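Subject: Handing over the model

Hi there,

Here is the structure I promised to pass on to you. Please open it next to this email, and then read on for what I found in it.

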Amino acid sequence: MVIGYKTRKLEKSLTDSKTMAATYGARAKKVNQRMKELKAAANLEVMKSIPAANCHSLKADRAGEIAVDISPNWRITFEPDHDPLPMNSDDSLDWTAVTNIRIIEVTDYH
């Protein structure tokens with residue numbers, strides 16, 4: 001999958017191992033694992049097949065965003081980076097056609 005980032009600071013915190021450790025502390029190992037899984041995935045549907053990632057769409061004010069779990073409360077949130085978005089005939093997102101994402105943040109949004 002092709003991964004973009006909302007900011008350069010976020011990109012560095014998710015791609016540089018020293019910055020990742022300093023930024024995420026005890027969660028750094030799991031953040032790194034999820035990033036490797038996202039990079040290796042051919043499309044977003046693959047992420048749904050990894051139970052520990054719990055890849056899911058968000059709702060309400062975060063509609064259009066998708067998240068993968070890092071820990072019980074922490075998530076990596078991102079959005080499909082396609083224009084137009086690949087959609088199914090029922091107007092739902094076509095997860096198999098999403099091959100580009102843009103990471104928005106790593107956060108505890110609960």
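Below are my notes, going from the sheet to the core and then to a few local details.

A word on the ground rules before we start. This is a predicted model, in which local features need pLDDT of at least 70 and side-chain atom pairs count only at pLDDT 80 or more, while totals for chains, interfaces and linings use all residues. Residues are numbered from 1 along each chain as its sequence is written, and side-chain values use heavy atoms, with hydrogens and water left out.

**The sheet**

Helices (H or I, at least four residues) and strands (E, at least two) are DSSP runs, numbered from the N terminus. Two strands are called paired if DSSP finds at least two bridges between them. With that in hand, you will find an open sheet of five strands in the order 1-5-4-3-2, with mixed pairing.

Going through the pairs, strand 1 (residues 2-5) runs parallel to strand 5 (residues 100-107), with four bridges. Y5 faces I103 of strand 5 there. Strand 5 also pairs with strand 4 (residues 75-80), this time antiparallel and over six bridges. On to strand 3, which pairs with strand 4 in the antiparallel sense over four bridges. These two strands form a hairpin, with five residues between them, and V68 stands opposite I76 in strand 4.

How much of strand 4 is buried? Taking buried as under 20% relative accessible area, exposed as over 50% and partly exposed as in between (1.4 Å probe, protein chains only), five of its six residues are buried, so strand 4 is largely enclosed by the rest of the structure. T77 is in this strand and, at 0% relative accessibility, counts as buried. Counting contact as heavy atoms within 4.5 Å, and leaving aside neighbours within four places in sequence, T77 touches L58, R62, E65, I66, A67, I103, I104, E105 and Y109.

In helix 1 (residues 8-15), the residues L10, S13 and L14 are buried. Looking down the helix axis, these buried residues fall within an arc of 90° (taken from the directions from the axis to the C-beta atoms), so they line one face of helix 1. Their cover includes strand 1, helix 2 (17-24), helix 3 (28-40) and strand 5.

Apart from neighbours within four places in sequence, L14 is in contact with Y5, M20, Y24, V31, M35, I103 and V106.

A nonpolar core here means a set of buried Ala, Val, Leu, Ile, Met, Phe, Trp, Tyr and Cys residues joined through side-chain atoms within 4.5 Å. The largest one has 27 residues, of which L14, M35, L44, M47, F78 and I103 touch the most other members. Two or more residues each come from strand 1, helix 1, helix 2, helix 3, helix 4, strand 3 (66-69), strand 4 and strand 5. Helix 3 gives the largest share, four residues.

**Charges over rings**

A charge sits over a ring if NZ of Lys or CZ of Arg is within 6 Å of the ring centre and within 35 degrees of the ring normal. The charged end of R27 sits over the ring of W74, 3.8 Å from the centre. K48 lies over the face of W95, at 4.4 Å from the ring centre.

**Backbone details**

Most residues other than glycine have a negative phi, and most peptide bonds are trans. Which spots depart from that here? N54 has a positive phi, near 45°, and D91 has one near 65°. N54 is in the loop between helix 4 (44-48) and strand 2 (56-57) and, at 36% relative accessibility, is partly exposed. D91 lies in the loop between strand 4 and strand 5 and, at 61%, counts as exposed. P84 is also found in the loop between strand 4 and strand 5, and a cis peptide bond joins D83 to P84, with omega about 5°.

Enjoy exploring the model!

Best wishes
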